[in-house]
Amino acid sequence: MLNDYLLPVLVVGGTGLVGGVMLSIAAKYMSVKKDERFDKVRECLPGANCGGCGYAGCDDYAQKILEGAPCNLCNPGGAETAARLAAVMGVEEEEFVPKYAVVHCGKNCEHTPLGMDYQGVPSCEAASGFFGGEYACKYSCLGFGDCVLACEYDAIHVVDGTAVVDKSKCSGCGQCVKTCPKHIIELIPCSKNYYVACSSKDKGPVTRKNCEVGCIACKKCERICPEGAITVADFLSHIDYSKCVSCGKCMEVCPTGAIRNCFTAIPVEEPAAEEEIPVEPPVAPAGKTVDPPEETGTF
Amino acid sequence: MAKEYLALILGCILVNNVVLAQFMGICPFLGVSKKMDSAVGMGIAVTFVLVMATAATWPFYTYLLQPRGMAYLETLSFILIIAALVQLVEIIMKKYTPSLHKQLGVYLPLITTNCAVLGITITNIDETYGYFQSLVNAFGTGLGFLLAMILFNGVRSRIDNAEGIPEALKGIPSALIAASLISMGFMGFSGLIEGIFG
């Protein structure tokens, strides 16, 4: 009688007790010490887990801040978050440079001829893996909108076959930059308005054949830039935003319309095709190499 | 001897696949099969917990419950043991292998109440497997789960990208249909073990 009722209760109860005691002992002696500032730091971050700071999410960034990472990397949080983080960490406030994304490709459906009749899965990732996509220019935006899906702020849209960023909505989280299989999206400081809407590293004549609005490396922008912020390397113009003053002279002088203003990303008028365009003979990149937009390629 | 264990493992993975033939662990099978990383992480975590749980529950049943005629406490006490064990393993992992904890950490607590874990520990008892046999069975079952997760992840990513799926079937319905088709495919393995080893 006693055995029938008491023993099972004792066995189950005892198992639970042993388990509980073991767990509480383990929790006491094996607990991992957490920096008490961690929660405070984590609270300051917006929690979008976008990875725009370059770390694996808000938790990881909070951890890295405690380990000495700079406080001004959070793009969605902006200057306010940077200030609060600096206050929590007791360090001097660093200037926050808000950034937004630009797409280094400015073609529309007519500018670039198709190189094939692509009928595969309608995603940039798939198309990019299939001989680099359907366009004649292998550096061009594929226009299936992987970046549109990645964007949580509704800031990037495919217009006429090419992704265009709405600067007013872009939070600079960098999701699109990570998603783009062509690696043609880049974050640039919000204070600068001009960007090179082309990623083609083909020689000038090849680019010209493949696209009406590509950078043909004529170097006009390099010559006219009063600040010396533009360099042409790998047959592609590159703006150094630490020097750029957003004067817009490069856009005026660009014969193909490859340099653009982010507010008028789609050019209204067609580039003057009649004008004689000097195409620079291919020259080896000069001594100073600029960091090229990450290599394009298949995965 | 080795042949026997090989047959057991192959049987667990292909013939008696825990998800596709025994229909246990459907919840994580549908829940975390959208991304390859998490599918593999979950599969490895389940394998790990299965072996740990079997290692703890088999002696508990054989040396404590059965001799005293309390076999009916099996389910109740197994849940208790598995839950405590998983928690303990998580704490230990957090302390000594933070990187592994980061990989499996999210899934470990989820597995505590995964029916596959309880199911396999009870199956081990019902089939009157020995201790080592039970461990091998648990390990093989885990591998079978991992295989099912990886297969289903591949199928699912294609379904998600496919065009022309009717609105009503998008998402879970099409995933369930795909799962049933894979399951039927696995029926084709029945008789495999007898054919090879028998």
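**Talking through the two chains**

Tutor: Let us begin with chain B, where buried residues make up 34% of the 198 residues, and keep in mind throughout that this is a predicted model.

Student: OK, and how many helices and strands are there in chain B?

Tutor: Chain B has 10 helices and 0 strands, so that, read along the sequence under the DSSP assignment, its pattern is α-α-α-α-α-α-α-α-α-α.

Student: What about contacts in chain B, what share of those between residues at least 6 apart joins residues at least 24 apart?

Tutor: For chain B that share is 77%, while for chain A, counted among contacts between residues at least 6 apart in sequence, 61% join residues at least 24 apart.

Student: Moving to chain A then, what is it built from?

Tutor: Chain A contains 10 helices and 8 strands, and of its 299 residues 37% count as buried.

Student: Which residues touch the most other members of the largest nonpolar core?

Tutor: Those are Ala101(A), Val103(A) and Val165(A), in a core of 52 residues. Several elements of chain A each supply at least two residues of this core, including strand 1 (99–103), helix 5, strand 3 and helix 10 (249–253), and strand 1 gives the most, with 4 residues.

Student: How do strand 2 and strand 3 of chain A run, parallel or antiparallel?

Tutor: Strand 2 (residues 156–159) and strand 3 (residues 162–165) of chain A run antiparallel and are joined by 4 bridges, with Val159(A) standing opposite Thr162(A) in strand 3. The two strands form a hairpin with 2 residues between them, and Asp160(A), in the turn, has a positive phi of about 55°.

Student: Where in chain A do Phe131(A) and His183(A) lie?

Tutor: Phe131(A) lies in the loop between helix 5 (124–129) and helix 6 (146–150) of chain A, whereas His183(A) is found in the loop between helix 7 (175–179) and strand 4 (185–189). Phi of Phe131(A) is near 55°, a positive value in a residue other than glycine, and phi of His183(A) is likewise positive, near 55°.

Student: Why does Phe131(A) count as exposed?

Tutor: Phe131(A) counts as exposed because it has 12 C-beta neighbours inside 10 Å, and the cut-off for exposed is 12 or fewer. His183(A), by contrast, has 17 other C-beta atoms within 10 Å and is therefore partly exposed.

Student: What follows helix 4 of chain A?

Tutor: Gly90(A) follows helix 4, and its phi is positive, near 70°. Helix 4 itself (residues 78–89) has 12 residues and reaches 17 Å from its first C-alpha to its last, close to the 16 Å expected at 1.5 Å a residue.

Student: Last topic, how many residues does the contact take from each chain?

Tutor: The contact takes 15 residues from chain A and 16 residues from chain B. By class, the side of chain A that touches chain B has 11 nonpolar, 4 polar and no charged residues.

Key. Residues numbered from 1 in each chain as written. Chains lettered and ligands numbered in written order. Predicted model: local features only at pLDDT ≥ 70, side-chain atom pairs only at ≥ 80, totals over all residues. Contact = placed C-beta atoms within 7 Å. Nonpolar A, V, L, I, M, F, W, Y, C, P; charged D, E, K, R; others polar. Expected span 1.5 Å × (residues − 1). Buried ≥ 20, exposed ≤ 12 C-beta atoms within 10 Å, placed from the backbone. Pairing = 2+ DSSP bridges. Core = buried A, V, L, I, M, F, W, Y, C linked by C-beta atoms within 7 Å.
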